[in-house]
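I opened a notebook for a structure that was new to me. These entries record what I looked up.

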Amino acid sequence: MTAETTLVVLGHVDHGKSTLVGRLLHDTGQVAPDRLEFARKRSREQGRDLEFAFLLDGLSEEQEQGVTIDFTLVRFQAAGRPFVIADAPGHREFLRNMMSGASRADAALLVVDASEGVREQTRRHAVLLGLLGVRHATLVINKMDRVDWSADVFRRLSGEGREVLSSAGVTVASCVPASALLGENMISRSAHMAWYDGPTVLEAILAHQPAVSPDDTRFRMMVQDVYRIGERRLVVGRVESGSVKVGDTVALRPSGERSRVVAFEGWPGAAPGSAGTGENVAVELADPLFAERGMVVADPSLPLAPLRAFDARLVWLGRNALNVGERYLLRLGCQETGARVLRFSRVINPGEVSETVGTASLPPGFVGEGTILLDRPVVAEEFAACQALGRFVLVDGCRVAGGGIVCGLSPEMADESFGTRADLSTGPAGIAVGRAERRSRNGHHSMCVWLTGLSGAGKSTIARRVEARLFAAGVQVYVLDGDALRSGLCRDLGFSQMDRTENVRRVAEAARILVDAGFVVITALISPFREDRKRARERFGEDEFAEVFVRCPIELCESRDPKGLYVKARSGALPRFTGISDAYEQPESPERVVDTGVLDEDAAAGAVLELLAKRGISGN
Amino acid sequence: MDHLTRLEQESIHILREVHARFRNPAMLWSIGKDSTALLWLARKAFLGRCPMPLVHVDTTLKIPEMIEHRDKIVREWQLELVVGSNEEALAAGMGPASGRLECCGALKTEAFRRIVVNHGFDAIMLGIRRDEERSRSKERVFSPRGGDFSWEYKEQPPEIWGQYNVDVPPGGHVRVHPILDWTELDVWEYILREGIPVVGLYFARNGKRYRSLGCSPCTEPIDSSASTVAEIVEELRGMRVSERAGRAQDKADAYAMQKLRTGGYM
Ligand SMILES: Nc1nc2c(ncn2[C@@H]2O[C@H](COP(=O)(O)OP(=O)(O)OP(=O)(O)O)[C@@H](O)[C@H]2O)c(=O)[nH]1
Ligand SMILES: [Mg+2]
């Protein structure tokens, strides 16, 4: 059987998209009689003949208001070939739904009302096709009955339409004058337009083929998950390009570690020894590497360096404008990180002819080109090189609110060292003052003691006591206190999960600088998420970091309530309060647990000092 | 890659995404062909075992043969099954005689809501399809639902490039529809290809078979002589009438399903 072709039908509101799709299904006998009867009945109730659009517009509001709200997909067979047709809404308000329907199209039908011509959404949709990577389109000049089947009107509008599409990088495969309502030039040639000798809409559709992926054929797979079956660890993901077989050597990005494919796992029965593009696989690798969701397994010859920033072209679909500098969540494949637009070089309103606007924000429905900064490095490629690794969405709050493609890799900002454990002060050999030199002058090791625990568990108190003891003993010591930093270094952050993650990242980075400078650093912040603490740990050498869980039952913390926060949280005045309305993930294997429900302040500080003493840092 | 494999792979990707992104997901299993195919896909995705519980909303009006089939599969496939009903409504005598929509609302939606809340499920997978019915044709693969269970069909978030909305609204859950883009024929062809066991009610006896399975008072069998999966596939290829024509819900009111589903119905 031949592969399916997915077509999206686009264009300005009311230009006849749903009517066209309904007509095609109807005239080719692909509508169930009970569904046709229903559409007929609803049309009659509105005093109309059959509204073909009702075959697609299934929601009551859509039928009552005669407007498509959300897209739908329908199957369509023609000349023995299978098609999927996405009927997209044309109203500006529903652009996000249009994008959702168009995002997997191979080609497009852009519908233009002959009596209205090219309008705002005609232009916008054409520009967005470029961003979606849809390269081929058919232009349909619809409602020719309204312009007396005029060849002149057709010539003028097809010229304008072609111009709009080709300047968006879309090839116009054909241009058809039609009347969807009356079924002219739809599946058979219209007697009203004898001057036209091109294809009918159906013939134009048949000329479209499934898009050929422009990706090169080297193997790439995103790690979606890791399954453990007995002793085996299986790396699970979808092959995004190329193919892979048992015995292949692959590289794990961003770490760059290499391994060999030992086997595939499947059910029912054994999995074949190879997998191609689009297949979801479970792979066993020769070396038990540290694989986790978000990594990329690929052909080792692919230079996939993790990026701290890239240049992008994106469309915003949020309710409010995207602001430069504001933090959003970026998802690229299975990777996820906080991200913000550093600057836009250009913001355009794709609905208007060459309208450029201010670059401080990106209003809904607008397209921006600029640089995106990432909180955590991401493995990405240019969209032209690999579609799956070259497109991303932005999430605002709980909703996907925008999408874009990677256009440039900003190599000057590329970050090869994911772990970033490097000595910050390295320079030409011999004349550099490094971590080792500083430690040797101080006469002690430098490291970070990371205190984590609930609010009121006693982190700050312990930190201050330990600091005092060490300071008195001549140790270079410094406390990074979460509350204090939130009024300065982290003043722009709130308490969402993403902001908490960024908070921890910044404090870890500050701690790393101080450790580099030869200090013993004690951090005191709730740091509720295991993953964030793990990332913090990864910034340090093994002997430079110790996690201390300051444990205390929440009831006790609440009864202490030194800052009156629990009272506020219980009253609802403090949303997202750790332990009450937000999660605290206990450490699984901290270097030390200090139980302040049992120990007094002195003993608690003593426990931390003991830990430090073992690393050669003495408070005596 | 052939058509069925493409659909299968897409669904597997969705199922694995749910497993990776949600804390406490579950799968709704109505014993019908669609959710049984979905269950099969889950076993494929997770290499033989289904790592999440199945939820069966028991209206007590199901055809007894369905319950037998359910229990047999649960045993053989070693599944974790959660069964729940709206006991109060049943005790108060709720049934189709009280109004079909009222009955669906109480015995299905409300019973379903209680199960989700009581078990704290944050994602529920359902085997609904676009081609079944008008309001379902407008669904998203990942459809966030608020605490009141309602479907905000006019405000659905974008879903582009397989980047799904995996964030759970406060107090709510996310509905996931891994076979949304399949058709009735696809499901049967897949059942045929994979040899998936389905309840005997789908096969013709005395010239009639069930095409769609709901509660017994509201589902009518169709005239058919198809007594094997292969014959059903053959029959559907020539079938013009849509699948749910035998369902009473859709006849009660032109937008009955939309109304039910806005309130949280499957
Ligand atoms: N005269 C005439 N009217 C048409 C033709 N095609 C569609 N219409 C009418 O135009 C109106 C809008 O048609 P729809 O098919 O709903 O338009 P649409 O592009 O799907 O609209 P949205 O999806 O809301 O953007 C309906 O009243 C149709 O009957 C045509 O070829 N000629
Ligand atoms: Mg429409």
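The entries below go from the interface to a helix pair and then to the backbone.

**Ground rules.** I am working with a predicted model, in which local features need pLDDT of at least 70, side-chain atom pairs count only at pLDDT 80 or more, and totals for chains, interfaces and linings use all residues. Residues are numbered from 1 along each chain as its sequence is written, chains are lettered from A and ligands numbered from 1 in the order in which they are written, and side-chain values use heavy atoms, with hydrogens and water left out.

**Interface.** I looked up the contacts first. In chain B, 55 residues touch 68 residues of chain A; contact means heavy atoms within 4.5 Å. Then I looked up the area. About 5,400 Å² is buried between chain B and chain A, and carbon and sulfur atoms give 51% of it. Buried area is the accessible area (1.4 Å probe) that two parts lose on being put together, summed over both. On the chain B side, B:Leu47, B:Lys138 and B:Trp161 lose the most area to chain A, together 16% of what that side buries.

I counted salt bridges next (a side-chain nitrogen of Lys or Arg within 4 Å of a carboxyl oxygen of Asp or Glu). I looked at two pairs. B:Lys154 meets A:Glu61 in a salt bridge at 3.9 Å, N to O. B:Lys154 lies in the loop between strand 5 (142–145) and strand 6 (173–176) of chain B and A:Glu61 in helix 3 (residues 60–65) of chain A, so this pair joins two chains. Helices (H or I, at least four residues) and strands (E, at least two) are DSSP runs, numbered from the N terminus. B:Glu17 and A:Arg293 form a salt bridge at 2.7 Å, N to O.

On the side of chain B that touches chain A, helix 1 (3–21) and helix 2 (33–45) of chain B are the elements giving two or more residues. Helix 1 of chain B gives the most, with 12 residues. By class, that side has 21 nonpolar, 13 polar and 21 charged residues. Here Ala, Val, Leu, Ile, Met, Phe, Trp, Tyr, Cys and Pro count as nonpolar, Asp, Glu, Lys and Arg as charged, and the others, Gly among them, as polar.

**Helix pair.** How do I describe two packed helices? I give the angle between their axes and the distance between the axes. Helix 1 and helix 2 of chain B pack at about 70 degrees, with axes 9 Å apart. That makes helix 1 of chain B roughly perpendicular to helix 2 of chain B (65 to 115 degrees). Axes are lines fitted to C-alpha atoms, for helices over the stretch in contact, and angles run from 0 to 180 degrees between N-to-C directions. Helix 1 of chain B contributes residues including B:Ile12 and B:Leu15, and helix 2 of chain B residues including B:Leu38 and B:Leu41.

**Backbone.** Most residues other than glycine have a negative phi, and most peptide bonds are trans. I noted B:Ile31, with a positive phi of about 80 degrees. B:Ile31 sits in the loop between strand 1 (25–28) and helix 2 of chain B. The bond from A:Arg253 to A:Pro254 is cis, with omega near 10 degrees.

How values were computed:
Angles under 35 degrees count as roughly parallel, over 145 as roughly antiparallel, 65 to 115 as roughly perpendicular and the rest as oblique.
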